Each structure stands twice: as C-alpha cells, then as structure tokens.
Amino acid sequence: IQEHENEYKSGDIHEPSNFIDIYLKEIEEQKRLTGLIEERSYSSFNADQLTIICLDLFQAGSETSSTTLSWAVMYLTLYQDVQEKCWMEINHQLGGK
C-alpha cells in the first residue's frame, strides 16, 4: 500500500490500474471535496480501512484455496480411480517431465 501511495503522490500514476490505486484516488477526492487534510476526519475512506480491506481479501483468498485443496486431496484419496485419471492427465500434459 505504501509503494502505491508513494507512486500516487509522486504523480507517476495517471490512471488507476488496480483496487489500491482507485481507493487512494478516492481518499484524495474526499479530502479535496471536504477541504480537510486529516484522513480520519472526513470519511471512512482512509489508509487504515484500505489495509483492513486488503487483509480481508488475502485471508479470504487463502482460506478458500486451502479448503479447496483439502477437499481435492480427500476426494482423490477416497476415489483411487479418479486419482489414476488425474495422474494420467498430468503425465499426458507434461509429457513425463
């Protein structure tokens, strides 16, 4: 977030390219509209909220991935025929690498 903020403040970013850039742009827009300098005094759009949102996104993504992988391993363990088909597909696609 800090790297994006530094790029944004330096003027290197003209158009936002991701969620963090857009959020930082909204923080600045809210400051401009209210004429306030301090982030926390005008809106729920602030760097602390952005940090929390990013953490939520990372945690949600890692949790769903790990749960999916756990179910896949369990399924392959219970159904040996499916495990064999997966192994054959991987071997076919990678050519024995």
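Visitor: Why is Ile 20 called buried?

Guide: Buried means under 20% relative accessible area, exposed means over 50%, and partly exposed lies in between, with a 1.4 Å probe and protein chains only. Ile 20 has a relative accessible area of 16%, so Ile 20 is buried.

Visitor: On what kind of model does this rest?

Guide: This is a predicted model, in which local features need pLDDT of at least 70 and side-chain atom pairs count only at pLDDT 80 or more, while totals for chains, interfaces and linings use all residues. Residues are numbered from 1 along each chain as its sequence is written, and side-chain values use heavy atoms, with hydrogens and water left out.

Visitor: In which helix is Ile 20 found, and how many helices does the protein chain have?

Guide: Ile 20 is found in helix α2. The protein chain has 4 helices and 0 strands, and its elements run α-α-α-α from the N terminus on. Helices (H or I, at least four residues) and strands (E, at least two) are DSSP runs, numbered from the N terminus.

Visitor: Which residues does Ile 20 touch, not counting residues up to four places away in sequence?

Guide: Contact means heavy atoms within 4.5 Å. With those neighbours set aside, Ile 20 touches Ile 1, His 4, Leu 50 and Cys 54. The C-alpha atoms of Ile 20 and His 4 are separated by 7.1 Å, although the two are 16 residues apart along the chain. Cys 54, leaving aside its own neighbours within four places in sequence, is in contact with Ile 1 and Ile 20.

Visitor: What makes up the largest nonpolar core?

Guide: A nonpolar core is a set of buried Ala, Val, Leu, Ile, Met, Phe, Trp, Tyr and Cys residues joined through side-chain atoms within 4.5 Å. The largest one has 6 residues: Ile 20, Tyr 23, Leu 24, Ile 27, Leu 50 and Cys 54. The elements α2 and α3 (47–78) each give two or more residues to this core, and α2 provides the largest share, 4 residues. Across the protein chain, 15% of the 97 residues count as buried.

Visitor: How many aromatic pairs are there, and why is the pair of Phe 19 and Tyr 23 called tilted?

Guide: Rings of Phe, Tyr and Trp (its six-membered ring) pair if their centres lie within 6.5 Å; planes under 30 degrees apart count as stacked, over 60 as edge-to-face and the rest as tilted. By this rule the count comes to 3 aromatic pairs. The rings of Phe 19 and Tyr 23 have centres 5.8 Å apart and planes at 50°, so this pair is tilted. The two residues are 4 apart in helix α2 (residues 19–34), about one helical turn. Phe 19 is partly exposed at a relative accessible area of 40%, whereas Tyr 23 is buried at 8%. Tyr 75 and Tyr 79 also form a tilted aromatic pair, with 4.8 Å from centre to centre and 40° between the planes. Ring pairs also link Phe 19, Tyr 23 and Phe 45 into a cluster.

Visitor: How do you know that Tyr 75 and Tyr 79 are partly exposed?

Guide: The relative accessible area is 41% for Tyr 75 and 42% for Tyr 79. Each value falls between the two limits for buried and exposed, so each residue is partly exposed.

Visitor: Why does Trp 71 count as exposed?

Guide: Trp 71, which lies in helix α3, has 56% relative accessibility and therefore counts as exposed.

Visitor: What makes Glu 28 and Lys 31 a salt bridge?

Guide: Side chains of opposite charge can pair when their charged atoms come close. A salt bridge is a side-chain nitrogen of Lys or Arg within 4 Å of a carboxyl oxygen of Asp or Glu. The closest N and O atoms of Glu 28 and Lys 31 are 3.5 Å apart, so the pair meets this limit. Glu 28 and Lys 31 are 3 residues apart in helix α2, about one helical turn. Glu 28 counts as partly exposed at 27% relative accessibility, while Lys 31 is buried at 17%.

Visitor: How many salt bridges does the structure hold?

Guide: The structure holds 2 salt bridges. Arg 32 forms one with Glu 29, the closest N and O atoms being 2.5 Å apart. Arg 32 is exposed at 56%, and Glu 29 is partly exposed at 30%.
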